[in-house]
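Open the model in your viewer and keep the sequence panel beside it. This tour tells you what to select at each stop and what you will find there.

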Amino acid sequence: MNFEKIDKLEKMDINQIKEIQTDRLKKIVKYCYTNIKHYKNLFDKQKLKPEDIKSLDDVKLLPFTYKTDLRDNYPFDLFATALDKVVRVHASSGTTGKPIVVGYTKNDIEVWAETVARTLYKGDVSEKDILQNGYGYGLFTGGLGIHYGAEYLGITVIPVSGGNTPRQLMLFEDFGTTLLTCTPSYAMLLGEAIEQQGISRSKLKLRVGYLGAEPWSDNMRKEIEKKLGILAIDIYGLSEIIGPGVAAECKYQNGLHICTDHFYPEIINPHTGEQLPEGTFGELVFTTLTKECSPFIRYRTRDIAALNYQKCECGSCHYRMTRVAGRTDDMLIIRGINVFPSQIESVLMEIDGVAPHYQIIVTRENALDELEVQVEMTDNAFSDEVKEIENFARRIQNAIEAVLTIRVKVTLVGPGTIQRFEGKAKRVIDKRQL
Amino acid sequence: MLLKQLSIFLENKPGKLSEVTKVLKDNNINIRSLSMADTSDFGILRLIVPNVENVYKILKEHHFTVKITEVIAVKISDRPGGLNEILNYFSEENINVEYMYAFVNRSGDNAIIVFKVHNIQHAINILVKNNIEIFKYEDINTI
């Protein structure tokens with residue numbers, strides 16, 4: 001179902017893509033100006049007219065959209081269409097205050113299904129595949145987004161949602177699940193559960209995992225691939241742009257292909273707002289090119305990544321983004337140094353005997369920031385001699401300090417004492433009173 | 001010849017030690033000897049118990065980080081200089097004692113001392129050569 005259509009979209013050459021982008025950009029700018037008061041005000045204040053946007057280069061003239069704009073216009077004031085054209089709303093899992101809301105017309109839902117289908121397509125799927133969807137169903141875009149994309153391709157969907165690990169394992173075995181969608185930390189937890197229960201991997205048919213919605217590292221990927229016996233594909237999306245489906249890796253696992261005919265990407269310097277060249281890390285910004293209800297111009301994702309313009313081995317010319325290296329807002333500033341939890345994670349995963357669970361605790365003592373990394377003791381690392389264990393802790397400490405260039409304290413804690421997460425993992429506890 | 005010791009990882013926090021002793025109590029396991037190594041962050045509890053393999057399994061089931069370590073236990077006469085004699089043999093042969101502790105012995109005139117050394121076979125040879133009686137694990141219920 002729809003495989004041919006998707007194949008064509010993924011294999012467009014770069015000129016074709018740019019032509020479509022230019023055409024769609026001009027249209028969406030005009031559409032936003034005409035239908036959303038917020039944008040009309042911004043354009044008028046800047047004395048910018050939709051007609052001023054003539055090429056992709058002119059994107060840099062356009063104003064940014066911030067998460068706060070969505071909060072300020074809660075719930076429906078940024079919708080470009082009347083509510084009778086809206087068939088669904090989703091809202092982000094906001095941790096503070098009101099959630100941010102996005103709406104979908106019938107056509108938006110269709111586009112969304114197509115983009116998610118393009119994500120799934122990258123794992124060489126067919127209608128025979130059975131997808132176990134471990135993303136939450138509800139206001140969160142993960143569950144329903146994946147669901148519609150899978151159905152778009154005629155894949156059998158098990159809408160199990162997240163959590164209830166024993167049931168997930170039972171479905172793996174009994175239904176012969178071939179594709180798994182969930183967060184990387186939950187995939188890791190499922191892999192551990194399979195090991196603990198001694199389930200033989202030969203009884204499982206798992207082949208591909210589409211994992212995303214939180215930052216993770218290559219080393220964590222290797223662990224997950226080993227534990228679950230799958231190809232682990234990194235996927236990227238956010239509800240403001242559409243949900244899952246924005247970008248995904250192909251089997252070469254060398255960057256995430258963005259559906260650039262729908263979402264126009266830029267990397268900018270988060271402090272100055274200026275565009276950054278190919279290969280430079282900065283804040284990822286998207287302009288939605290086709291959405292009807294909740295189109296956004298230059299939406300600031302707060303995710304840190306870089307772009308790759310080169311054609312991929314898989315034949316796709318769509319620009320690739322690196323995996324998300326961190327968040328502009330969960331970046332920690334420790335004694336003036338920028339620290340991303342993902343940096344610490346990749347160091348930990350390289351050390352033999354370190355469990356994939358960790359917690360970062362930031363405190364401030366006598367006006368000095370202290371970074372503590374708690375790591376679980378494992379059977380491999382444990383010794384009956386104090387000095388062996390202290391050496392192990394020191395090895396971790398040295399490896400982290402080499403990467404971060406700041407002093408850290410490494411504390412070994414008992415197995416199973418660090419909180420496990422079935423959704424997005426919360427790795428950082430910042431106790432500083434700033 | 002070798003004594004099997006359980007080594008258990010503990011965080012240095014109130015209540016952590018009693019989590020272990022509760023499991024032992026609930027399973028009716030009597031501790032024959034113990035030692036605790038502690039640092040500011042963590043501790044290592046070392047135990048000598050009967051049926052060590054079984055206790056190991058029980059602690060594993062309770063998700064403790066635990067391993068079985070081989071140590072040497074020797075009987076020395078309970079008098080001034082008894083321990084010094086053994087340590088002299090070791091130091092003459094350049095054997096480093098990683099840690100040691102004593103049994104509570106309810107019978108006889110002997111003390112039982114547990115040693116952890118790296119070159120365990122070498123240490124045993126020296127003890128045998130000097131007619132030092134090595135405590136056997138099978139005798140654990142006699143003390």
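**Stop 1: Chain A as a whole**

Select chain A: 11 helices and 21 strands. Helices (H or I, at least four residues) and strands (E, at least two) are DSSP runs, numbered from the N terminus. This is a predicted model, where local features need pLDDT of at least 70 and side-chain atom pairs count only at pLDDT 80 or more, while totals for chains, interfaces and linings use all residues. Residues are numbered from 1 along each chain as its sequence is written, with chains lettered from A and ligands numbered from 1 in the order in which they are written.

Of the 434 residues of chain A, 45% count as buried. A residue is buried if 20 or more other C-beta atoms lie within 10 Å of its own, exposed if 12 or fewer, and partly exposed in between; C-beta atoms are placed from the backbone. Now think about contacts (C-beta atoms, placed from the backbone, within 7 Å). Among those in chain A between residues at least 6 apart in sequence, 68% join residues at least 24 apart.

**Stop 2: The sheet**

Colour the strands of chain A in the order β4-β3-β5-β6-β7-β8-β9-β14-β13. These 9 strands form an open sheet with mixed pairing. Two strands pair if DSSP finds at least two bridges between them. Which strands stand at the edges? They are β4 (156-158) and β13 (307-308) of chain A; each has a single partner strand, so one side of each is left without a neighbour in the sheet.

Zoom in on β13(A). With strand β14 (residues 320-321) of chain A, β13(A) pairs in the antiparallel sense over 2 bridges. Here A:Leu307 stands opposite A:Met321 in β14(A).

Helix α9 (residues 218-228) of chain A touches β6 and β7 of chain A, and its direction makes about 125 degrees with that of β7(A). Angles run from 0 to 180 degrees between N-to-C directions, and axes are lines fitted to C-alpha atoms, for helices over the stretch in contact.

**Stop 3: Two crossing helices**

Select α5 (residues 106-121) and α6 (residues 141-152) of chain A: their axes come within 7 Å and cross at roughly 75 degrees. That makes α5(A) roughly perpendicular (65 to 115 degrees) to α6(A). Show side chains where they meet: A:Trp112 and A:Leu120 are among those from α5(A), with A:Ile146 and A:Tyr148 among those from α6(A).

**Stop 4: The core**

Which residues touch the most other members of the largest nonpolar core? Select A:Leu120, A:Ala187 and A:Val246, in a core of 83 residues. A nonpolar core is a set of buried Ala, Val, Leu, Ile, Met, Phe, Trp, Tyr and Cys residues joined through C-beta atoms within 7 Å. The largest share, 7 residues, comes from α5(A). Another core, of 52 residues, lies apart; A:Phe382 and B:Phe9 are among its members.

**Stop 5: A:Arg207**

Find A:Arg207 in the loop between α8 (184-196) and β6 of chain A. A:Arg207 is partly exposed, with 18 other C-beta atoms within 10 Å. Draw a distance to A:Gly123, 84 residues apart along the chain: the C-alpha atoms are separated by 8.8 Å.

**Stop 6: Where the chains meet**

Finally, show both chains. The contact takes 15 residues from chain B and 14 residues from chain A. On chain B, β1 (3-11), β3 (42-48) and β4 (66-77) each supply at least two residues of the side that touches chain A.

Conventions:
Two residues are in contact if their C-beta atoms, placed from the backbone, lie within 7 Å. Angles under 35 degrees count as roughly parallel, over 145 as roughly antiparallel, 65 to 115 as roughly perpendicular and the rest as oblique.
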